Amino acid sequence: MVPLSYYLILSGLLFACGVAGFLIKRNIITIFLSIELMLNGVNLTFVAFAAQLKSLDGHIFVFFVMVVAAAEAAVGLAIIIAVFRTRETLNVDRVNLLKL
Amino acid sequence: MKIMLHLVLFFIFAAVCVGGAINLLAQKHPINSALSLIVVMGSLAMIYLLLGAEFVAAIQVIVYAGAVMVLFVFVIMLLNAGVEERTAQGSRVATVLGIPGLIIGLSIGIWAVSRVTGLDKIQIGGPDVMDNTAAFGNPQAVGRLLFRDYLLPFEVTSILILIAIMGAVVLARREE
């Protein structure tokens, strides 16, 4: 048996790593990876509370989070490709103009 | 004995998880970051199995570590992304106070979660989950819930994915 708080601490650590990566990284793809890391941290919380409450609704929520994450990855990577075509760079500091 | 094994397995996979997440931050090349994120997702799938969430563990490996990360690696190689360049010196306050502030904040958060709320008294995922007499979280149980109580959200999801596919095609198309 593992205390519920251990799972919550682990998911908090993963979320904190995701936030830190989102803030300190300058490559747009790595920033996107950090967002996926944050989503994974949240999913762990859902599953841990589902196990504690003996309810499967948390698993369904994780399912929907994964669907939205997959859709977001497809659209986001398409946006990254479009940005790279026009700017020729992946550095977010060089993508600071709305109009080219 | 079984209870100890459960705790030991949790600590092994949690250590791999946090190590992979820190490696994601430490690596300079995006492909290394993507591969360490796959490590994080794989060990998270093992932790889901410890919690009795078989279906979630399976789709974690298939959808996340499989499909989504293949998409990421494909785009990284398509764009020929190299080592990230450092631009724009950050604020000095963030450089000096960032790491200590993070440690203090995480410590307070961990203390609050484990002591104040009393959540450390609750034990979950014991041998009853491992023996699987309750059949908790297997595809049959999840499917029954998904296609009965959550049928409308499930169907709406298909529209979301359709829109995402069309959006991806339109955005990534080369303009004439």
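The exercises that follow go through a predicted model, starting with confidence and ending with single residues.

**Exercise 1. Find out which element of chain B has the lowest mean pLDDT and which has the highest.**

Step 1. Go to chain B, where the average pLDDT is 85 and 90% of the residues score at least 70.

Step 2. Now look element by element. Helix α5 of chain B (residues 127-131) has the lowest mean pLDDT, 55, while helix α2 of chain B (residues 30-50) has the highest, 94. Where pLDDT is low, the predicted coordinates should not be read in detail.

**Exercise 2. Work out the order of helices and strands along chain B.**

Step 1. Count the elements: chain B has seven helices and one strand.

Step 2. Walk along the sequence, and the pattern comes out as α-α-α-α-β-α-α-α.

Step 3. Check how chain B packs. Of its 176 residues, 26% count as buried. Take the contacts in chain B with a separation of 6 or more: residues 24 or more positions apart account for 60% of them.

**Exercise 3. Compare the end-to-end reach of α1(A) and of α3(A) with the expected values, then see what is buried in each helix.**

Step 1. α1(A) has 21 residues and spans 31 Å from first C-alpha to last, close to the expected 30 Å.

Step 2. α3(A), with 31 residues, reaches 44 Å, close to the expected 45 Å.

Step 3. Look at burial in α1(A): the buried residues include Leu4(A), Tyr7(A), Leu14(A), Cys17(A) and Gly21(A).

Step 4. Do likewise for α3(A), where the buried residues include Gly58(A), Ile60(A), Phe63(A), Met66(A), Ala73(A) and Leu77(A). The cover over the buried residues of α3(A) includes α2 of chain A, along with α3 (54-78), α6 (139-146) and α7 (151-172) of chain B.

**Exercise 4. Find the largest nonpolar core and say which element gives the most to it.**

Step 1. Get the size: the largest nonpolar core has 64 residues, and those with the most contacts inside it are Ile29(A), Val47(A), Ala48(A) and Tyr48(B).

Step 2. See who supplies it. α1, α2 and α3 of chain A, together with α1 (2-26), α2, α3 and α7 of chain B, each supply at least two residues.

Step 3. Name the main supplier: α2(A) gives the most to this core, with twelve residues.

**Exercise 5. Decide whether Lys54(A) and Glu88(A) are buried or exposed.**

Step 1. Lys54(A) lies in the loop between α2 and α3 of chain A, and Glu88(A) lies in the segment after α3 of chain A.

Step 2. Check the backbone. Neither residue is a glycine, yet Lys54(A) has a positive phi of about 55° and Glu88(A) one of about 60°.

Step 3. Count neighbours, with 12 or fewer as the cut-off for exposed. Lys54(A) has 10 C-beta neighbours inside 10 Å, so Lys54(A) counts as exposed. Glu88(A) has 9, so Glu88(A) counts as exposed too.

**Exercise 6. Work out which residues Val63(B) is in contact with, leaving aside its neighbours within four places in sequence.**

Step 1. Locate Val63(B): it is found in helix α3 of chain B.

Step 2. Val63(B) counts as partly exposed because it has 17 C-beta neighbours inside 10 Å.

Step 3. Read off the contacts: Met66(A), Ala70(A) and Val68(B).

Step 4. As a last check on distance, go to Leu97(B). Val63(B) and Leu97(B) are 34 residues apart in sequence and 38 Å apart in space, C-alpha to C-alpha.

Terms used
Residues are numbered from 1 along each chain as its sequence is written. Chains are lettered from A and ligands numbered from 1 in the order in which they are written. This is a predicted model: local features need pLDDT of at least 70, side-chain atom pairs count only at pLDDT 80 or more; totals for chains, interfaces and linings use all residues. Helices (H or I, at least four residues) and strands (E, at least two) are DSSP runs, numbered from the N terminus. The expected span of a helix is 1.5 Å times one less than its number of residues. A residue is buried if 20 or more other C-beta atoms lie within 10 Å of its own, exposed if 12 or fewer, and partly exposed in between; C-beta atoms are placed from the backbone. pLDDT is the predictor's confidence in each residue, from 0 to 100. Two residues are in contact if their C-beta atoms, placed from the backbone, lie within 7 Å. A nonpolar core is a set of buried Ala, Val, Leu, Ile, Met, Phe, Trp, Tyr and Cys residues joined through C-beta atoms within 7 Å.
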